[in-house]
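This report describes the nonpolar cores and the ligand site of one protein model. The sequence and structure are shown first.

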Amino acid sequence: MKTQALPGFRDFYPAEAALRNHIFSVWRSVAGRYGFEEYDGPPLEPLKLYTDKSGSEIVQQLYNFLDKGGREISLRPEMTPTLARMVAARAQGLKKPIRWFSIPQLFRYERQQRGRLREHFQLNVDLIGETSPLADAEVIAVSIDVLRELGLTENDFKVRVSDRNVMRALVLAAGVPEGLVDKAFAACDKIDREPAEVLIEKMVAGGISEAAGAEVLKVAGIKGGEALRAALRGLADEDSAKQLFECIDSLRAMGLDGYVEIDCSIVRGLDYYTGIVFELFDAGKSLRAICGGGRYDNLTRDIGGVALPALGFGMGDVVLGELLKDKGLLPRVESQISVFAVAVDSDDLPEVLSLAHELRDKGLSVEYALKGQSVGKQMKVAASRDARVVLVIGAAEREESVVVVRDMAAGTETKVSRELVIERVTGLAASI
Ligand code: HAM
């Protein structure tokens, strides 16, 4: 019976695995530069962890089922609730601020399209225990530096930043009743994906007046610090953008302000965000967000009973991979080996095995034929594996206690004594 991977799930052939490893290694190295430590949690969690706090969009996409013990469980669709639980459980003993990162595989039953699958890996970088907007700037800087490290520039992507407190002040001033702010936020979140009439209709169905709905869309259209200052002027909550402006000032001091712009359409689809929120998009906005995050100051309290300010982001490997492909920034797949050892005859095999093993112990990648083959055939395999050095051992060489060493790049061949051959080959392989 022929089977295929499920829709939205990937097979990672070596080229795809190489891209994944490349992305992961940049994620790890940049997170490490900012002092973040790696953690992980279980891929299966109690369903309730998500139904209570993540918001309806994610809840509709859960891979949930009853386990054999009758428990309601779900594959993790995101990492933040797990993190909040883990931190709250050990809050007393952990030094603040906590800087943690993780690279979980996440599962969401979404409609498959470019940049959107049913599983993805997501870098999660979170900072817990700090209210200062310098922490927000720090986390945004990590996300920018990951993309810079992957070779992307100011012309390739932008961070769009906003603040839910500012948006709250603005939508209230637009005439949205206090209890319906979430409905206004839901419309802002969809502003690029649905026509204005549809969004207004949805707000009206939710109890917001048509006039207020139209104002909300105007608010969501605000871009840039000057326009935001002007919109806030005279409001009771005129100061609500203080944190946002401080965060942007810090990014300016780091030299990263060219990557950032204020954009009031960013409110984020998840329910738990409480302050500054941001998303990273490719400059042409042809893909979904590369990364999204923000402040969620109430989540550790709501999930684990310990109140701690917190913020962070999730960056997916799928959209990032698409962008790297578009920009010609995929890593070169290296299948080159250091050494191929040729046995002239089956009697030479024990010597080939002994030599190969010594070289592998030195950290070199070594291959040899796994069944008897002519020397010509073995040389062909060595060339197809792009071996840096080929060693040939026959009866004559064993007799003389030497090995023929062929430098494939230089096209030269020398006889080296068995005693010195490991050192010589290690040196040659290092000169790749
Ligand atoms: P999110 O916006 O749901 O946030 O996801 C973050 C990123 O993960 C997205 O921008 C996207 O690149 C990627 N992503 C999400 N779903 C998919 C999918 N179905 N296929 C491919 N990529 C996807 C969160 O998950 C928050 N928990 C992030 C966070 C961490 N906030 C604070 N800390």
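Which residues have the most contacts inside the largest nonpolar core? They are Val 146, Leu 228, Ile 290 and Met 315, in a core of 77 residues. A nonpolar core is a set of buried Ala, Val, Leu, Ile, Met, Phe, Trp, Tyr and Cys residues joined through side-chain atoms within 4.5 Å, where buried means under 20% relative accessible area (1.4 Å probe, protein chains only).

The model is predicted: local features need pLDDT of at least 70, side-chain atom pairs count only at pLDDT 80 or more, and totals for chains, interfaces and linings use all residues. Residues are numbered from 1 along each chain as its sequence is written, and side-chain values use heavy atoms, with hydrogens and water left out.

Beyond its neighbours within four places in sequence, Leu 228 has contacts (heavy atoms within 4.5 Å) with residues including Val 166, Phe 245 and Cys 264. Another core, of 24 residues, lies apart and has Met 79 and Tyr 272 among them.

Around the ligand there are 28 residues, of which Glu 78, Thr 80, Glu 110, Leu 117 and Tyr 273 come nearest; a residue is near if one of its heavy atoms lies within 4 Å. By class, this shell has 11 nonpolar, 10 polar and 7 charged residues. The table lists polar contacts, pairs of N or O atoms within 3.5 Å.

| Residue, part | Ligand atom | Distance |
|---|---|---|
| Arg 108, side chain | oxygen | 2.9 Å |
| His 120, side chain | nitrogen | 3.3 Å |
| Ile 290, backbone | oxygen | 3.0 Å |

Note on methods
A polar contact is a pair of N or O atoms within 3.5 Å; within protein, one must be able to donate a hydrogen and the other to accept it, and residues adjacent in sequence count only if both atoms are side-chain atoms. Ala, Val, Leu, Ile, Met, Phe, Trp, Tyr, Cys and Pro count as nonpolar, Asp, Glu, Lys and Arg as charged, and the others, Gly among them, as polar. Buried means under 20% relative accessible area, exposed over 50%, partly exposed in between (1.4 Å probe, protein chains only).
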